[in-house]
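I opened a new model today and wanted to get to know it piece by piece. These are my notes, in the order I looked things up.

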Amino acid sequence: INIICKNFRCRSGEIDLIGWEKDCLIFFEVKYRKDERFGYPIEAITEMKKRTICKCASYYCVKYDVKAPIRYDVIGVTGTQITWIKDAFTHRGYCF
């Protein structure tokens with residue numbers, strides 16, 4: 001994966017990382033927790049957060065005229081444990 005952008009911000013919100021894997025553009029949400037005392041990091045990604053990420057991704061695709069398949073991945077970090085969920089949620093599936 002080739003990371004092309006970190007902390008992309010727009011009026012709708014923020015995307016932590018954006019990268020390419022072959023011909024697919026990937027939007028990453030990264031969540032960190034020191035430990036599981038307050039739950040797993042991935043549990044913090046609500047439906048509202050997903051909508052925000054999708055709006056930001058749509059804006060990014062329009063701004064940079066991206067016409068490619070897209071994917072939303074989630075990375076959860078707890079201490080030293082990393083969990084990477086590919087295609088964690090879907091929304092349209094393509095930039096257009």
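This is a predicted model: local features need pLDDT of at least 70, side-chain atom pairs count only at pLDDT 80 or more; totals for chains, interfaces and linings use all residues.

**Layout.** I looked up the elements and found one helix and five strands. Reading from the N terminus, I get the order β-β-β-α-β-β. Next I checked how much is tucked away: buried residues make up 40% of the 96 residues. I also looked at who touches whom along the chain. Of the contacts with a separation of 6 or more, 54% are between residues 24 or more positions apart.

How far apart are the end C-alpha atoms of α1? I found 24 Å, and this agrees with what I'd expect, because 17 residues at 1.5 Å a residue should span 24 Å. Then I listed the buried residues of α1: T52, I53, C54, C56, A57, Y60 and C61. I remembered that an α-helix has 3.6 residues a turn, so residues three or four places apart point the same way. What covers the buried residues of α1? The cover includes β1, β2, β3, β4 and β5.

The largest nonpolar core has 20 residues, and I15, I18, L25, F27, Y60 and Y72 have the most contacts inside it. β1, β2, β3, α1 and β4 each supply at least two residues of this core. α1 gives the most, with six residues. Leaving out residues up to four places away in sequence, I15 touches N7, F8, F27, F28, I53, C56 and A57. There's also a second, separate core of six residues, including I26, F28, I75 and V77.

**The tryptophan.** I found W20 in strand β2. Is W20 buried, partly exposed or exposed? W20 has 27% relative accessibility, so I put it down as partly exposed, since buried would need under 20%. Again skipping residues up to four places away in sequence, I listed its contacts: W20 touches I1, N2, I4, L25, V66 and A68. One of these, I1, made me check a distance. W20 and I1 are 19 residues apart along the chain, yet their C-alpha atoms are separated by 5.6 Å.

Notes: Residues are numbered from 1 along each chain as its sequence is written. Side-chain values use heavy atoms; hydrogens and water are left out. A nonpolar core is a set of buried Ala, Val, Leu, Ile, Met, Phe, Trp, Tyr and Cys residues joined through side-chain atoms within 4.5 Å. Buried means under 20% relative accessible area, exposed over 50%, partly exposed in between (1.4 Å probe, protein chains only). Helices (H or I, at least four residues) and strands (E, at least two) are DSSP runs, numbered from the N terminus. Contact means heavy atoms within 4.5 Å. The expected span of a helix is 1.5 Å times one less than its number of residues.
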